[in-house]
Amino acid sequence: MLKKLNWTATSNEERVIAIEKIKNVIDENDGIIVNFNMFSDLALALSIEIEENRIVPLYKDLNSILNISEFDAEKTRATSTREWLIFMNISFSKGTGNFKTEIPDVPG
């Protein structure tokens, strides 16, 4: 059974730039995004699968680009390779709530 963490974060950058940085940080720390849900341009929910020994470095790197909730590193073991699942909700302060995705007309 996977252990789980819940984090919340806020970004003050443009959504597209912030998402790219977040993806890079997760990738650099050997994490895998297993699910995501976009809520307009205001928020994003991610599910990240990662080895226990990579959680603290991931948190530190994410904390450098996001305002992220507190995390008690004592709950993890630095030598364990056990898989964890992190649920992270990210809010974008520059979002307007009016995000629309244009779908082109397809003949037929």
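Visitor: Which residue is the bridge partner of L46 in β5?
Guide: In β5, L46 has M88 as its bridge partner. Please keep in mind that this is a predicted model, in which local features need pLDDT of at least 70 and side-chain atom pairs count only at pLDDT 80 or more, while totals for chains, interfaces and linings use all residues. Residues are numbered from 1 along each chain as its sequence is written, and side-chain values use heavy atoms, with hydrogens and water left out.

Visitor: How many bridges join β3 to β5, and which way do they run?
Guide: The two strands run antiparallel and are joined by 9 bridges. Strands here are DSSP runs of E with at least two residues, helices are runs of H or I with at least four, and both are numbered from the N terminus; two strands pair if DSSP finds at least two bridges between them.

Visitor: And how does β3 pair with β2?
Guide: Strand β2, residues 32-39, pairs with β3 in the antiparallel sense over 7 bridges, and one of the bridge partners is A43 in β3, which goes with F39. The two strands form a hairpin with 3 residues between them, and S40 in that turn has a positive phi of about 55°.

Visitor: What is S47 in contact with?
Guide: If neighbours within four places in sequence are left aside, S47 is in contact (heavy atoms within 4.5 Å) with I32, I33, V34, N35, L85, I86 and F87.

Visitor: Okay, the whole sheet now: in what order do the strands come?
Guide: The open sheet has 5 strands in the order β2-β3-β5-β1-β4, with mixed pairing. Its edge strands are β2 and β4, each of which pairs on one side only. Strands β1 and β5 pair in the parallel sense over 9 bridges, and T10 has S91 in β5 as its bridge partner.

Visitor: Which residues of α2 are buried?
Guide: They are I55, L58, Y59 and L62. These four cover an arc of only 100° around the axis, so they sit on the same side of α2; the arc is taken from the directions that lead from the helix axis to the C-beta atoms. The buried residues of α2 pack against β1, α1 (15-28), β3, β4 and β5.

Visitor: Changing topic, how many aromatic pairs are there?
Guide: The count comes to 3 aromatic pairs, where rings of Phe, Tyr and Trp (its six-membered ring) pair if their centres lie within 6.5 Å, and planes under 30 degrees apart count as stacked, over 60 as edge-to-face and the rest as tilted. The ring centres of W7 and Y59 are 5.3 Å apart and their planes stand at 70°, so this pair is edge-to-face. W7 belongs to strand β1 (residues 3-11) and Y59 to helix α2 (residues 55-63), so the pair links distant parts of the chain, 52 residues apart. Both W7 and Y59 are buried.

Visitor: Why is the pair of W7 and F71 edge-to-face?
Guide: The planes of W7 and F71 lie at 70°, with the ring centres 5.5 Å apart, so the pair is edge-to-face. Ring pairs link W7, Y59 and F71 into a cluster.

How values were computed: Buried < 20%, exposed > 50% of the residue type's maximum accessible area, 1.4 Å probe, protein only.
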